[in-house]
Structures are given as structure tokens and as C-alpha cells.
Amino acid sequence: MPYCSESTAIHCPQCGKMFDHPSGNKKHIKNMLTQHLQVHQPKTVSCPVCGETRFRSNTNAVQHVESGSCSGCKGKENARQQIHNFIASKKESRGLLANTPALEWAGAGTGRVPDLPYKCQECSKKFRQVSALMQHQQYGNCGARGPPAITFSSRRY
């Protein structure tokens, strides 16, 4: 990279790859390194739907389902509906919904999924996909840095 300056460049501690940006924005450069570090993580997380063990994080497994490529939940819109139904049906995860039901609800008959159904509890930013909310929280974009919004065991749902 001809524009890289050693004063703002950050190197991966595992492989030595250098990260820099023409703007010199240290937060952006650090984010690039954080994203890169995922390639060094083992693929030990299983999909909660189909059980395939080929993901580096829970967020990656949820992205797999949301993409519609999961064999257990084919099609993007079908996957989107199933994920929304699952989150709405679990008391522990209902707080992730931008509009939580006013009454106790078992998750049946949800109808159409809203355009931005998920909300960060820390900053109230809304998201179309739960994986985007998980990344937002995991990488501390609002100060909510910590574990992803959703975690799951290796059992299938």
C-alpha cells in the first residue's frame, strides 16, 4: 500500500499483515484488524438449525441461516421469518425486538416481519438482521461491547 504510514499502521500479532488507511483514522484501522483476526479463529461453532460445524462465531452461524443457504431453513425470507419467530417465542431474547408484544405471547401467527425488527438495548439502533445486531454489540460500536446478543449451545432448535 503506497499510502501507508508506519505511524498509523497496525500489524496483526499472529501473521504480521499490516493494516492502514489513507485517512489515518485509528478507530477504522483497529476495526480492520479486529475483523481480520477472525481468520485466525478455529471453525468450531455449529449452526443451531442444520448442525454443520464450520463457523468461527455464533454471528457467522446466524449469518449462514439468514442467507437462506442453511439446509434446515431454505430461502432468505423463510429464514428471516423463522429467526424472528424464534426470537419472539423465547422470553430471554424478546428484548432484542424493536417492538415487543404487549401481552405474553407464544410466538404463533406473527405475520410479516417488520423491516427493522431488532434493536440494540444499549443505544436503540435498529437492525434488519439479528446478525448485524450481534456484530454491533460484539465489536462495541455503541459502547455495548461484550458477548453477542444471542448465544446458543450446540443443540439444534
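Residues are numbered from 1 along each chain as its sequence is written, and side-chain values use heavy atoms, with hydrogens and water left out. Because the model is predicted, local features need pLDDT of at least 70 and side-chain atom pairs count only at pLDDT 80 or more, whereas totals for chains, interfaces and linings use all residues.

## Overall fold

The secondary structure of the protein chain comes to four helices and six strands, where helices (H or I, at least four residues) and strands (E, at least two) are DSSP runs numbered from the N terminus. Along the sequence these elements follow the pattern β-β-α-β-β-α-α-β-β-α. Of the 157 residues of the protein chain, 36% count as buried; buried means under 20% relative accessible area, exposed means over 50%, and partly exposed is in between (1.4 Å probe, protein chains only). Among contacts (heavy atoms within 4.5 Å) in the protein chain between residues at least 6 apart in sequence, 29% join residues at least 24 apart.

## The N-terminal part

Thr8 lies in the segment before E1 and counts as buried, at 16% relative accessibility. Its side chain is joined to that of Asp20 by a polar contact of 2.6 Å; a polar contact is a pair of N or O atoms within 3.5 Å, and within protein one must be able to donate a hydrogen and the other to accept it, while residues adjacent in sequence count only if both atoms are side-chain atoms. Leaving aside residues up to four places away in sequence, Thr8 touches Phe19, Asp20, Gly24 and Ile29.

Ile29 is also one of the buried residues of helix H1, together with Leu33, Thr34 and His36. Seen down the axis of H1, these buried residues fall within an arc of 165°, so they line one face of the helix; the arc is that of the directions from the helix axis to the C-beta atoms. They pack against strand E1 (10-11) and strand E2 (18-19). Helix H1 (residues 26-37) has 12 residues and reaches 16 Å from its first C-alpha to its last, close to the 16 Å expected at 1.5 Å a residue, the expected span being 1.5 Å times one less than the number of residues. The N-terminal end of H1 is capped by Asn25, a side-chain oxygen of which lies 3.0 Å from the backbone nitrogen of Lys27.

The 14 residues of H3 should span 20 Å at 1.5 Å a residue, and its end C-alpha atoms are 20 Å apart, which agrees. Buried residues of H3 include Ala79, Ile83, Ile87 and Ala88, and the buried residues of this helix pack against H2, E5 and H4. In H4, the buried residues are Val130, Ser131, Leu133, Met134, His136 and Gln137, and what covers them includes H2, H3, strand E5 (118-119) and strand E6 (126-127).

A nonpolar core is a set of buried Ala, Val, Leu, Ile, Met, Phe, Trp, Tyr and Cys residues joined through side-chain atoms within 4.5 Å. Of the 21 residues in the largest such core, Cys47, Val65, Ile83, Ile87, Tyr118, Val130 and Leu133 touch the most other members. The elements that give two or more residues to this core are H2, H3 and helix H4 (130-138), and the largest share, four residues, comes from H3.

## Strand, loop and cysteine residues

Ser46 is in strand E3 (residues 45-46), and a polar contact of 2.6 Å joins its side chain to that of Thr53. Gly75 lies in the loop between helix H2 (58-66) and helix H3 (76-89); Gly75 and Val65 are 10 residues apart in sequence and 9.0 Å apart in space, C-alpha to C-alpha. Ser124 lies in the loop between E5 and E6, and its phi is near 70°, a positive value in a residue other than glycine.

With a disulfide taken as a pair of cysteine sulfur atoms within 2.5 Å, the count comes to zero disulfides. Cys15 is in no disulfide, and the nearest cysteine sulfur, that of Cys12, is 3.7 Å away.

| Residue | Relative accessible area | Class |
|---|---|---|
| Ser46 | 14% | buried |
| Gly75 | 31% | partly exposed |
| Cys123 | 36% | partly exposed |
| Ser124 | 43% | partly exposed |
| Cys15 | 45% | partly exposed |
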